There are 2 protein chains.
Amino acid sequence: MGFSSSDLKSDRLSLARTISAVENNTPAGKKALDETFADSGKAYLVGVTGAPGTGKSTLVSRLALWLRKEQGLTVAIVAIDPTSPFTGGAILGDRVRMRDLAGDEGVFIRSMATRGELGGLALTTAGVVQILDAAGYQMILIETVGAGQSEVEIARLAHTTLVVESPGMGDDIQAIKAGIMEIADILVLNKADNPGVENTERALRANLELGYPNGHNRKAGHSEYLIEKSENRDRWIPPVIKTVATRGTGIGELCEVIFTHKDNLAASGRMQMREKERLATEFDHQLKLSLFENWKNNRTPQDIAKVLEDVYERRCSPSKAVERLLAC
Amino acid sequence: MGFSSSDLKSDRLSLARTISAVENNTPAGKKALDETFADSGKAYLVGVTGAPGTGKSTLVSRLALWLRKEQGLTVAIVAIDPTSPFTGGAILGDRVRMRDLAGDEGVFIRSMATRGELGGLALTTAGVVQILDAAGYQMILIETVGAGQSEVEIARLAHTTLVVESPGMGDDIQAIKAGIMEIADILVLNKADNPGVENTERALRANLELGYPNGHNRKAGHSEYLIEKSENRDRWIPPVIKTVATRGTGIGELCEVIFTHKDNLAASGRMQMREKERLATEFDHQLKLSLFENWKNNRTPQDIAKVLEDVYERRCSPSKAVERLLAC
């Protein structure tokens with residue numbers, strides 16, 4: 001069966017099936033990726049990450065609604081669920097969002113379980129995003145939970161990455177913030193009606209100053225903080241945008257800043273650079289996978305089992321075992 | 001320079017240097033891994049993970065203190081910091097813990113930044129743990145932040161994995177808990193003196209019931225909840241242990257349960273199984289890496305650049321490009 005881009009556009013069920021095929025890395029999924037590749041690269045990808053409890057899901061739903069209703073864009077949401085690698089089931093149901101977004105053909109929502117081997121998740125997400133992109137969705141929101149390394153890898157897929165914080169999340173949050181600061185294009189301080197918002201905002205800005213030692217006063221307006229001429233190239237300084245996602249407060253401003261970042265990326269040529277980086281990474285992953293598959297197809301399971309036995313008995317380290325195996 | 005296990009034992013500075021070499025994947029680091037492999041496999045590995053703000057760091061310090069002072073064991077802590085892949089700097093300072101544990105030769109603390117490519121972190125952590133293991137540390141506590149996929153991979157390194165929760169962490173926490181439930185051997189409900197602890201405990205136990213559909217009433221004592229005969233093999237049901245790490249409450253009980261789990265693992269043969277799985281995974285990673293390196297050494301950068309150009313121009317999908325490259 002073939003999956004052309006026009007099929008995907010007209011048929012949500014076929015789109016959902018294709019995404020499943022990509023997720024499960026079936027031959028049909030691989031074929032779909034090859035066939036839709038030329039049609040992809042048009043969507044704008046927004047990554048949304050942050051610690052649990054910051055209200056990311058609500059924010060993403062609000063963003064999707066705004067982009068759809070106010071800007072008339074088609075929107076897809078890819079939510080990476082923190083589910084077990086063992087069961088592979090998605091926990092955060094799609095239905096939570098469906099209340100507001102249901103019945104709209106211009107919105108597509110997909111939850112993905114974090115299954116498969118390390119490195120596989122970013123690759124699978126890239127594949128799913130490509131399918132949605134080729135299907136004609138103009139904005140794709142990629143939501144991940146937490147600040148782990150896989151989240152960082154996924155954030156790299158996006159053109160604009162939002163890091164969501166909320167007031168009073170405990171002591172560890174400072175470390176998280178510092179760690180994830182550099183992937184943030186925009187910092188969203190959600191639940192901005194909660195007590196302690198001033199402290200959190202101050203901490204966020206202080207952290208930003210650390211990242212930008214020249215010291216900039218970021219103002220509330222958009223135009224002031226956007227570009228800093230530094231090292232002879234345009235540098236984007238992440239603004240802090242306050243929102244109350246449950247009430248929709250600040251969503252319009254946030255969207256505006258996303259589009260300003262988009263324009264900035266395009267104007268500075270970094271959009272194309274990011275795209276190339278992303279494709280090169282995907283190519284790299286595929287290459288490693290193929291080399292491994294090709295090699296394995298020329299070996300009997302017994303060959304490998306024999307070497308592994310030596311590793312289990314600690315007669316030979318894993319890297320020495322690999323060396324030996326590749327020498328013969 | 002050579003790194004023998006006895007060197008490591010006698011010289012903390014050389015141990016720290018070796019760990020850095022392993023972290024940076026230098027030739028000296030690789031050599032150290034090969035040379036210490038035969039001496040490793042003796043330490044007991046405890047993984048500690050959970051969302052930010054649950055008090056993991058304090059808990060880990062308390063655990064280390066208890067194991068050291070009450071059980072007379074040597075203890076190493078490997079803390080995986082949620083730092084940026086760009087700067088590679090560790091944010092959570094070692095000094096936070098050093099107050100209580102400083103000056104004790106039987107305790108070694110190491111913070112690791114989450115740098116390098118996906119899949120690399122688990123591999124690097126395994127290497128660092130192996131070095132500490134060979135150096136004679138009897139208990140190794142591996143602390144990660146969050147519930148991302150890399151954390152799950154790291155948790156798999158451990159013999160016993162603790163998942164730390166705390167009361168009132170917001171709505172998303174339910175999803176996280178469900179997702180991370182299956183890697184938990186022991187659930188730690190820290191900050192158990194905070195309001196809302198009963199609700200969180202109830203939610204945790206309800207989640208456990210979901211995972212164990214036969215429905216078990218886990219009691220406060222240890223002996224009742226430990227083993228369930230199911231599917232013809234011993235099955236461990238994760239107990240919920242309440243602690244107040246800042247005051248040291250519940251730490252003794254927690255240690256006791258860790259050792260009960262250890263005995264259970266050993267008796268059921270699953271200890272050896274986990275070890276084999278871990279080594280097989282490491283072998284796999286090494287094999288993929290070596291195959292890639294070997295292949296690359298026989299290619300000119302121009303060969304690859306030419307194919308990548310086709311990918312950038314979307315004339316050819318990454319997987320088709322790999323196919324073409326491997327065919328010639």
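User: Which elements do the buried residues of α12(B) pack against?
Analyst: This is a predicted model. In it, the buried residues of α12(B) are I304(B), V307(B), L308(B), D310(B) and V311(B). Their partners come from both chains: α11 (270-297) of chain A, and, from chain B, α11 (270-297) and α13 (318-327).

User: Why do the buried residues of α12(B) line one face of the helix?
Analyst: An α-helix has 3.6 residues a turn, so residues three or four places apart point the same way. Looking down the axis of α12(B), the buried residues line one face because they fall within an arc of 150°.

User: Which exposed residues does the face of α12(B) turned away from its buried side carry?
Analyst: Exposed here means over 50% relative accessible area. On the face turned away from the buried side of α12(B), the residues that are exposed are P301(B), Q302(B) and K306(B).

User: What span should helix α12 of chain B have at 1.5 Å a residue?
Analyst: The helix covers residues 301-312 of chain B, which makes 12 residues.

User: Which residue takes a positive phi just after α12(B)?
Analyst: The phi in question is about 60°. The residue with this positive value, just after α12(B), is R314(B).

User: What percentage of the residues of chain A count as buried?
Analyst: Chain A has 13 helices and 9 strands. A residue counts as buried under 20% relative accessible area. Of the 328 residues in chain A, the buried share is 57%.

Technical notes
Residues numbered from 1 in each chain as written. Chains lettered and ligands numbered in written order. Predicted model: local features only at pLDDT ≥ 70, side-chain atom pairs only at ≥ 80, totals over all residues. Heavy atoms only, no water. Helix = DSSP H or I, 4+ residues; strand = E, 2+ residues; numbered from the N terminus. Buried < 20%, exposed > 50% of the residue type's maximum accessible area, 1.4 Å probe, protein only. Expected span 1.5 Å × (residues − 1). Arc of directions from axis to C-beta. Contact = heavy atoms within 4.5 Å.
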